[in-house]
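Student: I have a model open and want to learn how to read it. Where do we start?

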Amino acid sequence: MSTTGFPMEALWEYAPEAPEGRLTKTGPYYVSRWGGIVLRGRPEGGRVVTALTILQCGPGKNPAMRVKMLGAPPKALCESISVVPPGKVKSVAGNDYHLLGQSTGWTVVDFAQQVGGMNFHLLPPAAGSEKPSWGSWGITNLGAVFHDEDGKHVFMAPDETVKLTDRVSFEVTPGMEAEQFRLILMGAAMSKWKQ
């Protein structure tokens with residue numbers, strides 16, 4: 001259940017490894033205020049690239065029309081949202097996403113949680129403190145790659161190279177397809193088996 005009144009994908013703070021947003025090498029950049037999500041960041045040209053996307057819908061810079069999501073924005077996402085009055089919560093389900101709207105803006109919800117009396121039965125919570133395994137890897141409907149580590153969902157930065165075995169590594173691409181990711185994991189499992 002939400003401890004803040006917001007989805008776990010909505011509120012972010014800098015990770016201890018990136019004080020005040022400074023990050024000199026690829027590593028943890030944002031952590032969710034609740035819910036155990038870590039976003040790895042990759043420095044690029046004076047900014048940091050993460051799996052977090054913030055899309056401004058409608059004219060102007062009205063925060064009530066801003067959408068936060070993990071992954072690439074789907075087409076026509078902005079057509080689903082409107083300003084939500086204070087004290088109200090609105091839920092919209094699309095083909096590949098589930099939106100939760102509040103007066104402060106919108107969030108694409110990816111993980112199982114309860115917010116504002118609404119239950120979201122989506123991706124399961126992060127596993128316990130076991131080492132990453134093949135089953136601990138996952139991908140959101142919007143193509144953000146993560147693995148569960150020490151009870152947290154750890155999201156890879158776009159264009160980050162991830163080494164799965166001595167023989168298999170891959171580059172995280174924004175909006176990666178679930179089937180493409182499944183084939184990468186199968187290839188890694190097979191390469192481990194053939195050793």
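Tutor: Start with pairing: two strands pair if DSSP finds at least two bridges between them. Keep in mind that this is a predicted model.

Student: In what order do the strands of the open sheet lie?

Tutor: Read across the sheet: β5-β6-β9-β8-β7. That is five strands, and their pairing is mixed.

Student: Which strands are at the edges?

Tutor: An edge strand pairs on one side only. Here these are β5 (52-56) and β7 (90-93). Neighbouring strands of this sheet are turned by 20° against each other on average, with direction ignored.

Student: In what sense do β6 and β9 pair?

Tutor: Parallel, over two bridges. Strand β6 covers residues 66-70, and β9 covers 105-108. Find K68: opposite it stands T107 in β9.

Student: And how do β1 and β2 pair?

Tutor: In the antiparallel sense, with three bridges. β1 spans residues 12-14 and β2 spans 27-32. W12 has S32 in β2 as its bridge partner.

Student: What follows between β2 and β3?

Tutor: Antiparallel pairing again, over four bridges. Y30 is placed opposite L39 in β3. The two strands make a hairpin with four residues between them. In that hairpin, G35 has a positive phi near 105°.

Student: Now side chains. How many salt bridges are there?

Tutor: The rule asks for a side-chain nitrogen of Lys or Arg within 4 Å of a carboxyl oxygen of Asp or Glu. By this rule there are eight salt bridges. One of them joins R40 and E160, at 2.6 Å from N to O.

Student: Is E160 buried or exposed?

Tutor: Buried means under 20% relative accessible area. E160 has 9% relative accessibility, so it counts as buried.

Student: Which residues are linked in a network of salt bridges?

Tutor: R42, E44, R47 and D159. Take it pair by pair. R42 bridges to E44, with the closest N and O atoms 3.1 Å apart. R47 also meets E44, again at 3.1 Å, N to O.

Student: How do R42 and E44 stand in accessibility?

Tutor: R42 is buried, at 14% relative accessible area. E44 is partly exposed, at 33%.

Key:
Residues numbered from 1 in each chain as written. Predicted model: local features only at pLDDT ≥ 70, side-chain atom pairs only at ≥ 80, totals over all residues. Heavy atoms only, no water. Axes fitted to C-alpha atoms, helices over the stretch in contact; angles between N-to-C directions. Buried < 20%, exposed > 50% of the residue type's maximum accessible area, 1.4 Å probe, protein only.
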